[in-house]
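Subject: Structure handover

Hi there,

Here is the structure I promised to pass on to you. Have a look at it first, and then read on for what turned up around the ligand.

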Amino acid sequence: MCEQGENSAASSSKKGGLVSFLTGKPIEIPKKHLFGICRFVGEFEKLNRVGEGTYGVVYRARDTKTNEIVALKKMRMEKEKDGMPISGLREIMLLQSCNHPNIVCLKEVVVGRSLESIFLVMEYCEQDLASLLDNMQTPFMEAQVKCIMIQPTLDWLANWDIQCLQ
Ligand SMILES: Nc1ncnc2c1ncn2[C@@H]1O[C@H](COP(=O)(O)OP(=O)(O)OP(=O)(O)O)[C@@H](O)[C@H]1O
């Protein structure tokens, strides 16, 4: 979108351009609204790639404004023809609704130059249970398994699931 020069914005003829729902005609996004209210991903310095899931690639990154180390997850959008996949929206809504010390916090959503560039900025976790399980020398003892199972998050998630079902 920004390839067109300093003062121009989106063009429907380019990949990622917009068409008005009302008129069906191409619309231009004013430059000041180009990134909406989201910050630009360029404000984050990618440090290294930490993993990849079904819905995106995750990087360790530094917020250049605050120097904070965060996890930056690029949503997978290559195959999407109709905008952001519903699974991505669900992930954002779910993480936004979770406010628990044992659940990774979604700090904000940031965007790149194209409409397909959407990134989740999350608190960075040095270790997760899956990598711990992969790398540990000996299996957890029974007492440790019990301790993990009674972590408040699991109760909380079970309640959340039940509430969702109701
Ligand atoms: N907040 C985070 N801090 C540190 N590393 C993370 C963070 N989030 C994800 N990762 C790393 O990135 C990998 C991919 O994470 P992601 O959430 O995209 O997928 P997943 O939940 O592991 O798998 P799937 O989405 O396929 O079920 C994780 O396995 C983990 O190694």
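A quick definition before the contacts: a polar contact here is a pair of N or O atoms within 3.5 Å. Please also keep in mind that this is a predicted model.

With that cut-off in hand, let's start with Glu123, where a polar backbone atom lies 2.9 Å from a nitrogen atom of the ligand. Two side chains also take part. In Thr54, a side-chain N or O atom is 2.4 Å from an oxygen atom of the ligand. For Lys73, the distance between a side-chain N or O atom and a ligand oxygen is 3.0 Å. As for burial, the ligand on its own would expose 600 Å², and the protein buries 64% of that.

Now the wider surroundings. The ligand takes up the space of the largest pocket. Around it are 14 residues, and Gly53, Thr54, Lys73, Glu123 and Cys125 come nearest.

S3 gives the largest share, with four residues.

S3 and S4 also belong together: they form a hairpin, with two residues between them. The two strands run antiparallel and are joined by eight bridges. If you want a spot to check on screen, Gly51 has Val58 in S4 as its bridge partner.

Key:
Residues numbered from 1 in each chain as written. Predicted model: local features only at pLDDT ≥ 70, side-chain atom pairs only at ≥ 80, totals over all residues. Heavy atoms only, no water. Near = heavy atom within 4 Å. Polar contact = N/O pair within 3.5 Å; in protein donor to acceptor, adjacent residues only side chain to side chain. Areas by Shrake-Rupley, 256 points an atom, 1.4 Å probe, with all protein chains shown as cover. 1 Å grid on protein atoms, 1.4 Å probe; cavity = no way out; pocket = protein on both sides within 12 Å on 5 of 7 lines; lining within 4 Å. Sits in = over half its atoms within 2 Å of the grid points. Pairing = 2+ DSSP bridges.
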